[in-house]
Amino acid sequence: MTDPGRASHLEPSGASAVRERFADGRAAALALRPDQPVYCFRPTVLAADARSFLKAFPGKTAYAVKTNGEPMVLDVLARVGVNAFDVASPAEFAAARAAAPGAELLYMHPVKAQSDIRLALEQYGIRVMSLDHEDEVAKILRIVRGLDLDPHDLTLFVRIASKGDAAYELSKKFGAAPGHAAELLERIHDLGIRCGLCFHVGSQVEDALTYERAVALAAEVRDAARVPIAALDVGGGFPAPYAADPRRPAPPMPELDGIMARLMAAVERFGFADTPLVAEPGRVIVARAFSVIARVLLKKGQRLYINDGIWASLSDSWTGKIVLPVRHIPDPARHLRRTGRADQIAPFRIYGATCDSVDVLSRPFYLPETVDTGDWIEIGHIGAYSLSLRTHFNGFYPDTFVEVDAPFEAGEAPQGYAEPERRMGVDVEA
Ligand SMILES: Cc1ncc(COP(=O)(O)O)c(C=O)c1O
């Protein structure tokens with residue numbers, strides 16, 4: 001008998017892998033009955049989201065490899081025309097080069113090992129880097145001179161510290177204050193190296209004002225430095241869609257086009273209209289491209305112990321600011337216990353697969369009351385900062401992939417949502 005949700009053939013897609021294909025995550029769960037987490041990769045969704053960003057952003061799009069550097073992802077991006085990659089380590093140089101041999105690599109890590117700078121310049125032909133301190137200029141210069149490179153071929157982006165409202169704030173670690181940034185630009189210019197300005201407003205920024213303020217700050221630095229600016233890099237941070245509580249909807253998330261329109265208006269207003277632009281998006285491109293099918297290993301009251309967790313695919317949720325959409329996939333083979341109503345959702349605290357007691361998600365998942373041991377939960381939109389943050393802790397390492405055609409949100413609506421307790425007015429502490 002053939003399963004209608006299961007493709008009748010195996011199909012290679014990207015990075016020469018052969019993955020079994022399914023219509024959706026539910027079909028995959030029911031056919032495979034997996035006891036280990038299974039990633040559902042959606043190349044069509046990835047291609048569509050990458051194309052949307054390329055269309056919306058009028059400058060150079062350098063995909064941030066750290067967000068998800070799986071070969072299958074880089075391969076799809078290269079095929080849809082992403083021809084620049086933001087890389088931060090030798091492993092990322094190699095991954096991006098393997099997927100897109102002709103693409104430009106931008107080494108946008110502000111603090112780099114000397115040996116990695118040499119590798120970037122000598123072996124990978126990288127000519128764009130970022131920094132936020134004069135010692136980094138000195139490190140780079142030493143190697144440029146040692147390799148007898150022409151400084152004019154190099155562009156060094158000074159990263160300025162910008163603040164804003166993001167799920168992940170990044171300016172506490174990197175970025176120079178405006179006066180310092182202006183001094184760095186002057187120093188770089190005096191060395192005959194081309195100057196760029198960059199910022200990173202943080203990840204999952206849903207407020208366009210954050211970008212506008214960062215552009216204003218960049219203009220302040222440019223005006224103070226009075227050196228030619230070869231490019232303005234507006235970083236990443238563009239938001240991906242996540243879940244909202246179906247019973248108390250939050251204000252709709254701003255569309256990428258709306259944020260981009262405000263950003264571009266600021267670029268124009270602050271005198272960067274003729275400056276080449278760069279962006280380093282990650283999350284907005286890859287978040288929707290993956291879900292993970294996790295199994296409920298045990299139900300203990302309002303606690304669900306699952307076979308994934310913060311040391312595997314779900315660490316991105318630890319800030320507690322990201323609300324992941326979830327879907328319940330009951331195991332048709334199990335005997336139904338009378339544990340509640342299937343049409344009533346309730347908050348469940350989610351405990352991860354490891355023995356570590358911090359391996360518990362900061363937000364509950366809202367699932368039908370009937371969810372039980374042996375069922376599956378498909379957790380959607382986990383493409384960003386999930387696979388790249390997996391660890392081998394406790395010997396668990398999810399690494400099984402299938403390909404899925406339908407977007408996570410297609411078809412039957414997810415039955416429950418991970419959602420802040422305060423919105424629901426319920427205490428879910430177990
Ligand atoms: C330097 C840099 N560029 C780009 C990104 C990608 O950001 P996002 O995924 O929010 O678009 C990051 C994320 O931390 C980053 O550190």
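Ala, Val, Leu, Ile, Met, Phe, Trp, Tyr, Cys and Pro count as nonpolar, Asp, Glu, Lys and Arg as charged, and the others, Gly among them, as polar. This is a predicted model, in which local features need pLDDT of at least 70 and side-chain atom pairs count only at pLDDT 80 or more, while totals for chains, interfaces and linings use all residues. Residues are numbered from 1 along each chain as its sequence is written.

**Exercise 1. Describe the shell around the ligand.**

Solution. Step 2: 18 residues surround the ligand, and the closest are Ala64, Ser203, Gly236, Gly282 and Arg283. Step 3: sorted by class, the shell has 7 nonpolar, 7 polar and 4 charged residues.

**Exercise 2. Summarise the protein as a whole.**

Solution. Step 1: helices (H or I, at least four residues) and strands (E, at least two) are DSSP runs, numbered from the N terminus. The protein has 11 helices and 22 strands. Step 2: a residue is buried if 20 or more other C-beta atoms lie within 10 Å of its own, exposed if 12 or fewer, and partly exposed in between, with C-beta atoms placed from the backbone. Of the 430 residues in the protein, 49% are buried. Step 3: two residues are in contact if their C-beta atoms, placed from the backbone, lie within 7 Å. Among contacts between residues at least 6 apart in sequence, 78% join residues at least 24 apart.

**Exercise 3. Work out how helix 3 and helix 4 pack.**

Solution. Step 1: two packed helices are described by the angle between their axes and the distance between the axes. Axes are lines fitted to C-alpha atoms, for helices over the stretch in contact, and angles run from 0 to 180 degrees between N-to-C directions. Step 2: the axes of helix 3 (residues 71-80) and helix 4 (residues 90-99) come within 8 Å and cross at roughly 50°. Helix 3 is therefore oblique to helix 4; angles under 35 degrees count as roughly parallel, over 145 as roughly antiparallel, 65 to 115 as roughly perpendicular and the rest as oblique. Step 3: the crossing of helix 3 and helix 4 is right-handed. A crossing is left-handed if the near helix is turned anticlockwise from the far one by less than a right angle, and right-handed if clockwise. Step 4: Pro71, Leu74, Asp75 and Ala78 of helix 3 meet Ala95, Ala96, Ala98 and Ala99 of helix 4. This contact of helix 3 with helix 4 has 7 nonpolar, no polar and 1 charged residues.

**Exercise 4. Describe the packing of helix 7 and helix 8.**

Solution. Step 1: the axes of helix 7 (residues 178-190) and helix 8 (residues 208-225) come within 8 Å and cross at roughly 50°. This makes helix 7 oblique to helix 8. Step 2: helix 7 and helix 8 have a right-handed crossing. Step 3: from helix 7, Pro178, Ala181, Ala182, Leu185 and Glu186 meet Leu217, Glu220, Val221, Ala224 and Ala225 in helix 8. By class, the residues of the contact of helix 7 with helix 8 are 8 nonpolar, no polar and 2 charged.

Definitions and conventions. Near = placed C-beta within 6 Å.
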